[in-house]
Amino acid sequence: MKVKMLSRNPDNYVRETKLDLQRVPRNYDPTLHPFEVPREYVRALNATKLERVFAKPFLASLDGHRDGVNCLAKHPKNLATVLSGACDGEVRIWNLTQRNCIRTIQAHEGFVRGICTRFCGTSFFTVGDDKTVKQWKMDGPGYGEEEEPLHTILGKTVYTGIDHHWKEAVFATCGQQVDIWDEQRTNPICSMTWGFDSISSVKFNPVETFLLGSCASDRNIVLYDMRQATPLKKVILDMRTNTICWNPMEAFIFTAANEDYNLYTFDMRALDTPVMVHMDHVSAVLDVDYSPTGKEFVSASFDKSIRIFPVDKSRSREVYHTKRMQHVICVKWTSDSKYIMCGSDEMNIRLWKANASEKLGVLTSREKAAKDYNQKLKEKFQHYPHIKRIARHRHLPKSIYSQIQEQRIMKEARRRKEVNRIKHSKPGSVPIVSEKKKHIVAVVK
Amino acid sequence: VGEMETAPKPGRDVPPKKDKLQTKRKKPRRYWEEETVPTTDGASPGPPCNKKNRELCPQRPKNAHILKKSRISKKPQVPKKPREWKNPESQRSLSGAQDPFPGPAPVPVGVVQKFCRIDKSRKLPRSKAKTRSRLEVAEAEEEETSIKAARSELLLAEEPGGMGARRRRSCRVLIFFFFFHSSLSQHFDLNLRQFGPYRLNYSRTGRHLAFGGRRGHVAALDWVTKKLMCEINVMEAVRDIRFLHSEALLAVAQNRWLHIYDNQGIELHCIRRCDRVTRLEFLPFHFLLATASETGFLTYLDVSVGKIVAALNARAGRLDVMSQNPYNAVIHLGHSNGTVSLWSPAMKEPLAKILCHRGGVRAVAVDSTGTYMATSGLDHQLKIFDLRGTYQPLSTRTLPHGAGHLAFSQRGLLVAGMGDVVNIWAGQGKASPPSLEQPYLTHRLSGPVHGLQFCPFEDVLGVGHSGGITSMLVPGAGEPNFDGLESNPYRSRKQRQEWEVKALLEKVPAELICLDPRALAEVDVISLEQGKKERIERLGYDPEAKAPFQPKPKQKGRSSTASLVKRKRKVMDEEHRDKVRQSLQQQQQQQQQQKEAKAKSTGARPSALDRFVC
C-alpha cells in the first residue's frame, strides 16, 4: 500500500535572509478566495471614497494682472509657457513650472480681445479694442531694446477675436466680418460675412485645417471653408453662442458655449440636431476648450465655476470653484492633458488638475499598479447606488446650489405643463420635441 | 517577425526554384532543431508561402483545438483573440528553425472549467448592439483570465496526499510506520484527563491550535513547533472556543458570558450581551462572531468595531448545533425538531428551513465549496444534502450509534465522531460528495469525542475528547497549495500585520450575506424596470417605444398611396398576429398551471367530481 502525506519543506516558503523578499506562493483556486464579488465591491467602495478624499484639484493662482483676464493662449511647443491678455491692454507671459510672470507687454489701449500663438511658437498675435492686430516675438527684447511689435496692422473696425491657422502662415480675425489674413500682407485675403452682426469668436479646425467656425451675436454659428469665398452653412440657436471649440481628434465635431447655460456638441455634417446637449451650468457659458485627447472638454461660466464634461455625457463629471474666483472668462486645457487654466474677472489665472484626485509626480510601479486596479474597480462598480452617490457628490457654493434647485423647479414646471398639454389634446396633434431639437431654430445652407 | 518574412536574410533565403541545390548543400543542423524537420523545404524559411507552412506545422494539441473551436463557434465576432493564433507564420524563430511546440501551451478543459465564472449555457440577453458588444468583450476577457489561471496551475509546488486504493482500511500503526519524520511530528496526543472533554479550533492559517476543556482549561499553542502561547484556567465551564481573524485573539464561550482573550491569556473583553453561549462560529471575511445561545438567540457580533450587528431569535428552543457555510457565510442551525435552518444577519427570518431528520439534529457541517451539507440526527442517520437550490439528500447512511460531531476537510473528506470512534469518508475529488459506503479511515480514541476539526493546509485532523487532544494524520485531507496573500501558514509578523490591515479594509458588510454570494454581480432587473416605469410616468410617454412602421417611398411612380397603405397594413397585421399568438400561449400556460395546482390541492387521487369544475 502506498501512503502519501502532505509534507512541505519550510525552506521553500520562508526567505533565506532578511535581505530577501518574502516568498508569496499563489494559488488562484476560487475555493481559496471566497466572497470574490462582495470583496471587490468593498474595495471599489474604498477606492471611490479615497478618490474623494484625495480630490484636491487647485494647484496655483498666478496673480499680477491689473484688470480682469480676458483671453488665454497656450504655447504650441512649450508646456510651461502660457500667454494671457487682460482688460487693460496688458499681455503677460507666464512660466507655469516657476509659477511666475516672465514678461509683461502693454500691447493695446483698451481690452486685449484675442490672443493666439503661431504654430511654430516663435511669435504671437494680439487684437485689441484699438482696432489693431499686432504680431509679437515670443522671446523678449534684448538689453536696452524697446518692447515693440514685429508688425502692426491698423484696421477699420474693432476686432473681437483672432485665431491662427494650424499649418500655414495665415490667420483669421473676426469683428464686423471674418477676415482671413496672410501674415505678409496688411490687407485681408478675403472677408466673409453672413448677416450684419458682430462676430464674437473664430476658430480654425485643427484637423481639417481649411475649415473655420465662428459665432455671431445674432444667435448663429457659421462655418466657412477658407478655400472658397463664401460661408458653408450656419445654424441658428435659441440664444447667442459665446465661443466654439473644435474637437482636436474628430474633425467634424465642435462644441458651442451658449448663453442659455448649455453647451451644444454638433456634428458639422448634421447641424439640425446636436450630438449632445451638455447642461449643468447655472449661468451663461463663456468659454470652452477641448482636452487634447478629444474625450473631454472644460467650460468656463459666468456662475463663477468651471466644469469638465465628457463629450458623450450630458452632465459634467467635475466642477471647480473657489471662494475668490469670480466670473470665469477664459479657460484652456494644457497640451499634456493634465492641467486646466482659467482666467477670471478678479485678475487671476488659476491652475487646476484635470483629474482632481490624481497624484502628481513620478509613480512607483506598485503605486501605478494599485492605481490601475482601483480605476478598473471603480469602473466596474460605478453603477451601484452607494458608490454612484459617493462618486457624484460635489460640494457647491450656496449661490450655485440654490440656483440649481430653482432651475430644477422651473424646468419641472415647464415639463409638467407640456405633459398636460399632450395629455389633454388630440393624440399626435402636439408633437413631442426632444431636448436636443428644442434649442435649434434653423439650419441655413 | 513579420519584418523578417518580408525581407529574409540573403544567406538563408533560397528561392524555391533552387531546391535541388539546397539538398546538396546541407544546412548545418542546430541543436534546437528537430531531426524530423524536413531538409528540403521545411527548414529554410523560404518565401512567405502560407499554405505550405501551415501544413508543415505540427498539429496543435487536441484540447487547444477544442478550446479554439468553442471560442469561434460561440462568439463569432469576438474582436479580441489571443495574439499567438492570429498568424501561424509567426511561429518561426529568427534563425529559421521551427518551433517544435507551436501555439500556446495546451490547457486541460476541466481545469479551465474550475476557474470559469460565467455560466456559458445561458445565452446573452437581447440588448442594444453597444451593450451586447461590451458583454461579449467582457466574456472574452473572462475566458482569457480563466485560461491564464488554469495555465498557472502548473506552477503549484505541492501535491495532495492520499492513500493507495488497494487497501484502504488499515490500522493506524501501519500507516504511521510509513510516514516521514516531519509527518510524525504532526501526530501527537495531549493527555489531559483532568479537565474533561475538550473543544478545539485551528486558526485560519492552520498554524495555531486552541482548545478549551469543560472544566475551564484553556490553552493555545503553535502546534507545529509545539510552542505554548498561553494556558489558563477560567474557573468556569468552557462550552466552545474559537480563534478570531488572527491567532492573537481568542473567543471563549464560558458558562455565563462570552469572553475574549489575547494570545497571552489576558482577558480583553467580557461580552455580557452574549450570555449562555453554546456554540461559536467566526466569519472571517465579515469579521463577525456568530454565537448560538441556550436562550435560543443567534447573535452576530462585529469584532472589528465591537457592536452587535443582529440578534435573531430562532424560536426553536436551545441552540447547540451550529456550523457556517464557508462559501456564503450563511449560518446553519440544527434544531431538536429535525430541521436545519439557514440564517443571515440581514434577515429576521431564516433564509431556508430543511427538514433533515426524524429526531433532533445532532451535528451539521458544510463543505468548503458550499455545495454539500452533512447532517446527523438522533435517528442515527448521516445524510448528505445538496445545497445548490434543491436541498435534497444525496446519500444516506445509518450508523450504529449516530454521529455526534461532523466536519469537512478542505479537500472534501467528511469526518464523523461517534462515541470514541472517528470515521472518515472520502469522495472522488474535491468537488464530489463523500461516498458513505466504505470509510476511508477509522480510528478509536481513548475517550468520547467532543470536538473535531481538520487542520487547514495540513493532512491533520484534530480531535478533542475526554482524554485530551489527539492530532491524527489523514492523508489527502488538506489543501496542499495555499495562497500567500489569503492565509499563509509561514507568514512573518510583518506579513501578518499587513494582511490584517488589508483584511480590515475590505471587511464585507454584514448586509451582503445571502445564499448566493455572486448575486451582487447580477443585474438588478426589478429596480431597473421600476425606474423605467417611473420615467415613462414622469415624461408622459415612452422615450424608448418603437415608432410605428412608416413605409419608405419607393421608386418614382411605384409608391402610390394605395401601395403605401397596403405595406403598412401588412406590417401591422403581422405584429397583431404575433401578439395574438403570444397571448394564446400565455393563456394555455396559465390554464395548465391552474390544472396542476388543482390536482395538487385535491390530492393525488382524482375525484369523480373534478370533471364538473372546469
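The model is predicted. Chain A has 445 residues, of which 48% count as buried, and its secondary structure consists of five helices and 30 strands.

**Chain A as a whole**

- The C-alpha trace of chain A spans about 105 × 80 × 45 Å along its principal axes.
- The accessible surface of chain A is about 22300 Å², and carbon and sulfur atoms account for 52% of that area.
- Among contacts in chain A between residues at least 6 apart in sequence, 48% link residues that are at least 24 apart.

**Annotated regions of chain A**

- Residues 62–104 of chain A are 0% helix and 58% strand, with 13 Å between the end C-alpha atoms of the span.
- Residues 321–362 of chain A are 0% helix and 43% strand, and here the end C-alpha atoms lie 27 Å apart.
- "Domain: Sof1-like protein" is listed by UniProt, again in an unreviewed entry, for residues 354–440 of chain A.
- That span, residues 354–440 of chain A, is 62% helix and 1% strand, and its end C-alpha atoms are 31 Å apart.

**A:Asn348**

- A:Asn348 lies in strand S29 of chain A, which covers residues 348–353.
- A:Asn348 counts as buried because its relative accessibility is 14%, and the cut-off for buried is under 20%.
- Leaving aside residues up to four places away in sequence, A:Asn348 touches A:Ser61, A:Leu62, A:Asp63 and A:Val69, as well as A:Cys342 and A:Gly343.

**Helix H6 of chain B**

- Helix H6 of chain B runs over residues 129–152 and has 24 residues.
- From first to last C-alpha, H6 of chain B reaches 35 Å, close to the 34 Å expected at 1.5 Å a residue.
- The buried residues of H6(B) include the glutamates B:Glu136, B:Glu139, B:Glu142 and B:Glu143.
- Also buried in H6(B) are B:Ala140, B:Ser146, B:Ile147, B:Ala149, B:Ala150 and B:Ser152.

Note on methods:
Residues are numbered from 1 along each chain as its sequence is written. Chains are lettered from A and ligands numbered from 1 in the order in which they are written. This is a predicted model: local features need pLDDT of at least 70, side-chain atom pairs count only at pLDDT 80 or more; totals for chains, interfaces and linings use all residues. Side-chain values use heavy atoms; hydrogens and water are left out. Helices (H or I, at least four residues) and strands (E, at least two) are DSSP runs, numbered from the N terminus. Buried means under 20% relative accessible area, exposed over 50%, partly exposed in between (1.4 Å probe, protein chains only). Contact means heavy atoms within 4.5 Å. Accessible areas come from the Shrake-Rupley method with a 1.4 Å probe; for residues, only the protein chains shown count as cover. The expected span of a helix is 1.5 Å times one less than its number of residues. UniProt positions are given in the numbering used here, feature names are shortened, and annotations may be inferred rather than shown by experiment.
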